[in-house]
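Hi everyone, thanks for making time today. Let's walk through one structure together, one piece at a time.

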Amino acid sequence: MKKFIETLKNCWKVEDLRQRLLITILFTAIYRFGSFVVLPGINPAKLESLQSQTAGGLMSLLDMFSGGAFSNASIFALGIMPYISASIVMQILAVAVPYFQKMQREGESGRKKINWYTRLLTVAILVFQAPAYLMNLKTQASQALASGISWTVFIVPATIILAAGSMFILWLGERITDKGVGNGVSLIIMIGIIARLPQAFVQEVTSRFTAISGGGIVMFIAEILILYAVVCASILLVQGTRKVPVQYAKRLVGNKQYGGARQYIPLKLFAANVMPIIFAQALMFVPLVIVQYQSDNASWLGRSLMDNRSVLYNVIYVILIIAFTYFYTAITLNATQMAEDMKRNNGFIPGVRPGKDTADYIDTVMSRITFPGSLFIAFIAVMPALAGLLNVQQGFSQFFGGTSLLILVGVVIDTLQQIESHLMMRHYDGLLNSGHTRNSGVSVY
């Protein structure tokens with residue numbers, strides 16, 4: 001504790017780091033404030049149906065990423081998800097379309113072009129997503145609109161406000177990245193998730209100490225210990241890498257010798273990040289949409305697919321996560337490109353011929369580490385369902401695994417690494433007892 005307090009003092013002593021931390025706090029506070037600003041003309045007291053709709057399923061995921069703004073009918077209701085969706089599409093295009101492949105190899109200028117296309121695609125997604133959200137709002141809370149205002153007239157200005165709100169969040173995230181600490185977009189998502197933690201924690205404590213079968217202090221301590229173990233395992237997953245040795249040939253330029261040193265390519269065990277879970281959750285939502293239009297006497301299959309704690313649901317969920325882990329790793333890590341770049345820089349893997357053999361070797365290594373990584377991601381993803389079987393409240397069970405836990409762990413590690421780099425540059429001790437963390441370049445999307 002003493003070392004932690006001393007580290008905070010050191011953070012305050014470094015002027016540049018102090019300014020960055022204050023800017024980060026200010027912009028995240030602006031984001032949280034905007035999450036409670038309701039759309040003009042909407043009565044927040046009549047949104048009970050919308051809030052109950054976001055209690056589970058894909059809607060719960062959207063509400064989590066928006067920090068509760070989705071269920072509050074806020075001007076930030078669509079959150080940062082449209083930009084993340086556009087970024088995912090651009091990542092896929094950069095692999096599948098030669099035009100974007102060439103653009104990606106152009107360095108800084110190519111990155112700026114890709115960012116520009118990503119913003120255009122974000123606006124296009126918002127143009128479709130905002131009216132869809134408003135139509136759902138009309139279905140769930142038609143009485144929330146002030147009297148004298150027609151929904152037909154309301155949709156156009158509300159769409160503009162929702163789109164502007166999402167783009168403003170994107171601007172806040174970029175300013176945090178440039179002027180603050182950490183990845184701004186990732187921090188905004190993390191703040192939205194953490195905002196739900198205090199209420200979920202209080203509900204869980206109340207449930208354990210008031211319910212007849214709550215279990216009392218013993219079960220609550222057991223929950224905290226399990227949560228601690230899962231968090232530690234998630235940190236190992238995020239930080240885990242497989243180092244592939246690379247030897248660079250020696251070359252003489254004048255009287256100086258270049259190359260000859262051995263370096264490593266860090267292949268991450270968690271290369272796909274949280275995207276397999278997001279894809280799988282979105283796909284598992286399709287049977288729910290189909291079944292909800294059936295009669296009350298739905299089949300056993302339909303009822304099982306609607307229950308996220310059923311064995312069938314979780315088996316299919318795990319299979320989808322493993323499949324999407326391989327898919328997303330394949331489209332984001334180009335072994336052929338890595339082999340070509342290595343050959344161009346006179347680098348080679350000891351014992352492996354340059355070119356195709358190197359690409360095959362990297363692909364083999366990635367396939368071997370992706371399988372245990374996908375199994376562990378699947379285990380983390382089903383942890384909320386397992387926690388639910390132990391009578392953990394639904395809000396608190398989301399922190400036992402799934403997308404929320406992996407995002408929290410990844411963003412916190414990335415932010416701590418950036419803070420620590422500022423401290424180490426000024427010869428201060430870092431935030432951890434060892435004084436340093438490994439820079440793994442963690443990102444949540």
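Let's begin with a pair of side chains: D341 and R344 meet in a salt bridge, at 2.8 Å from N to O. By salt bridge I mean a side-chain nitrogen of Lys or Arg within 4 Å of a carboxyl oxygen of Asp or Glu. Side chains of opposite charge can pair when their charged atoms come close.

Before going on, a word on where this comes from: this is a predicted model, where local features need pLDDT of at least 70 and side-chain atom pairs count only at pLDDT 80 or more, while totals for chains, interfaces and linings use all residues. Residues are numbered from 1 along each chain as its sequence is written, and side-chain values use heavy atoms, with hydrogens and water left out.

Back to our pair. Both D341 and R344 sit in helix α15 (residues 335-344), three residues apart, about one turn of the helix. Helices here are DSSP runs of H or I with at least four residues, strands are runs of E with at least two, and both are numbered from the N terminus. Are these two buried or exposed? D341 is partly exposed at 29% relative accessibility, and R344 is exposed at 56%. For the cut-offs, buried means under 20% relative accessible area, exposed means over 50%, and partly exposed is in between, with a 1.4 Å probe and protein chains only.

How many salt bridges are there by this rule? The count comes to five. Another one joins D360 and K356, whose closest N and O atoms are 2.9 Å apart. These two are four residues apart in helix α16 (residues 356-389), so about one helical turn separates them. D360 is partly exposed at 36%, whereas K356 is exposed at 62%. D16 and R20 also form a salt bridge, with 3.4 Å between the closest N and O atoms. They lie four residues apart in helix α2 (residues 15-34), again about one helical turn.

Now for the strands. Strands of a sheet pair through backbone hydrogen bonds, either parallel or antiparallel. Here, an open sheet of three strands runs in the order β4-β1-β5, with antiparallel pairing. Because β4 (262-268) and β5 (347-348) each have a single partner strand, they stand at the edges, and one side of each has no neighbour in the sheet. Two strands count as paired if DSSP finds at least two bridges between them; β1 (residues 241-248) and β4 have seven. To find the pairing on screen, look for Q247, which stands opposite R262 in β4. Helix α16 comes back here: α16 lies across β1 and β4, at about 45° to β4.

The axes of α5 (residues 81-96) and α14 (residues 311-332) come within 8 Å and cross at roughly 60°. Axes are lines fitted to C-alpha atoms, for helices over the stretch in contact, and angles run from 0 to 180 degrees between N-to-C directions. So α5 is oblique to α14: under 35 degrees is roughly parallel, over 145 roughly antiparallel, 65 to 115 roughly perpendicular, and the rest oblique. I88, Q91, I92 and V95 of α5 touch Y328, I331 and T332 of α14, where contact means heavy atoms within 4.5 Å.

Last stop: F65, in helix α4 (residues 57-65). F65 is buried, at 2% relative accessible area. Leaving aside neighbours within four places in sequence, its contacts include Y31, M81 and I189. The C-alpha atoms of F65 and I189 are 5.6 Å apart, although 124 residues separate them along the chain.
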